[in-house]
Amino acid sequence: SYNPKISPDGCKVAFLRSINNISNIWVLDLMEYKISKVTNCGYIREFDWLDDCRIVFAWDKDCMNGNLYCIDINNLETKEIFKYNDLYIKKYLKVSPNNKYIAFLGTSYNKGDIEDIYVYDIKNKYLINLTKNDCNVYISDFVWKIDSSKIYYSSNELIYYNVYSISIDGILKKQLTNTTSSKIELSYR
């Protein structure tokens, strides 16, 4: 069991459990001390709470598509949020604090191995490449600003890793540090 994430109301903990390299999402109800398996598809790569009853997750057996799904943990009904055949969701699936956006670190197959932060607008159903990086630029971590207006991220755009902020529309980008770090992990409150 790994990658625990607490629900917004603080009453449940979701986590991945891997058996024979097949990962599924499990939920522990902290009020009733009841544990239950909520997915049966296996090959869950990333997940996050959308609200107190729904979890969004990236699933792909072959690691070839950027498919996002949402599951209601009460009735186990699963819906596809979006399918993008040219995009691989690598890691860091994070729902915005206002529950309007889903951000993740992904790679577009027709751009080679270029990592970018992608943001999906849930209501308007569109995907934006927020960072639009060049080759050999990598992102080590990112976090949402508490008001969901921007994302803070660490990247090696200047050879060394630095912290940047970027607005949700991708227009306003600002370098916040000037370091010679080989990796930066963020913690924002």
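**Hairpins, cores and a pocket**

Author: E13 and E14 make a hairpin with five residues between them, and serine 148 in the turn has a positive phi of about 65°. Strands here are DSSP runs of E with at least two residues, numbered from the N terminus. This is a predicted model, where local features need pLDDT of at least 70, side-chain atom pairs count only at pLDDT 80 or more, and totals for chains, interfaces and linings use all residues. Residues are numbered from 1 along each chain as its sequence is written, and side-chain values use heavy atoms, with hydrogens and water left out.

Reader: How many bridges hold E13 and E14 together, and in which sense do they pair?

Author: They pair in the antiparallel sense over five bridges; two strands count as paired if DSSP finds at least two bridges between them. Valine 143 stands opposite tyrosine 152 in E14.

Reader: Is E13 mostly covered or mostly open?

Author: Mostly covered: six of its six residues are buried. Buried means under 20% relative accessible area, exposed means over 50%, and partly exposed is in between (1.4 Å probe, protein chains only).

Reader: OK, what about the cores? Which residues have the most contacts inside the largest nonpolar one?

Author: Ile117, Val119, Trp144, Ile151 and Tyr153, in a core of 15 residues. A nonpolar core is a set of buried Ala, Val, Leu, Ile, Met, Phe, Trp, Tyr and Cys residues joined through side-chain atoms within 4.5 Å. The elements giving two or more residues to this core are E10 (101-108), E11 (115-121), E13 (139-144), E14 (150-158) and E15 (160-167). There is also a second, separate core of 14 residues, which includes Leu68, Phe82, Ile102 and Tyr120.

Reader: And what does tryptophan 144 touch?

Author: Leaving out residues up to four places away in sequence, its contacts are Lys94, Val95, Ser96, Pro97, Tyr101, Ala103, Val119, Lys150, Ile151, Ile168 and Tyr188. Contact means heavy atoms within 4.5 Å.

Reader: Switching to E11. Why call it largely enclosed?

Author: Because seven of its seven residues are buried, E11 is largely enclosed by the rest of the structure. In a regular strand the side chains alternate between the two faces of the sheet. Both faces of E11 are covered, with Glu115, Ile117, Val119 and Asp121 buried on one side and Asp116, Tyr118 and Tyr120 buried on the other.

Reader: What does E11 pair with?

Author: Seven bridges join it to E10, antiparallel, and leucine 105 stands opposite isoleucine 117 in E11. Four bridges join E11 to E12 (residues 126-129), also running antiparallel. There, tyrosine 118 has asparagine 129 in E12 as its bridge partner. The hairpin of E11 and E12 has four residues between the strands, and lysine 125 in it takes a positive phi near 55°.

Reader: Where else is there a positive phi on a residue that is not a glycine?

Author: Asparagine 21 has one of about 65°, and tyrosine 33 has one of about 55°. Most residues other than glycine have a negative phi. Asparagine 21 sits in the loop between E2 (12-19) and E3 (22-29), and tyrosine 33 is in the loop between E3 and E4 (34-37).

Reader: Are those two buried or exposed?

Author: Asparagine 21 counts as exposed because its relative accessibility is 69%. Tyrosine 33, at 68%, counts as exposed too.

Reader: Where is isoleucine 159, and is it buried or exposed?

Author: Isoleucine 159 is in the loop between E14 and E15. It is exposed, with a relative accessible area of 70%.

Reader: And lysine 100, what does that touch?

Author: Lysine 100 lies in the loop between E9 and E10. It touches Tyr120, Asp121, Ile122 and Lys123, not counting residues up to four places away in sequence.

Reader: Last topic. Which elements give two or more residues to the lining of the largest pocket?

Author: First, the lining itself: Lys5, Ile6, Ser7, Pro8, Asp48, Trp49, Leu93, Lys94, Val95, Ser96, Pro97 and Asn99. The elements you asked about are E1 (2-6), E5 (44-49) and E9 (87-95), and E9 gives the most, with three residues. A pocket, on a 1 Å grid over the protein atoms alone, is an open set of points where a 1.4 Å probe fits, with protein on both sides within 12 Å along at least five of seven lines; lining residues have an atom within 4 Å of a point.
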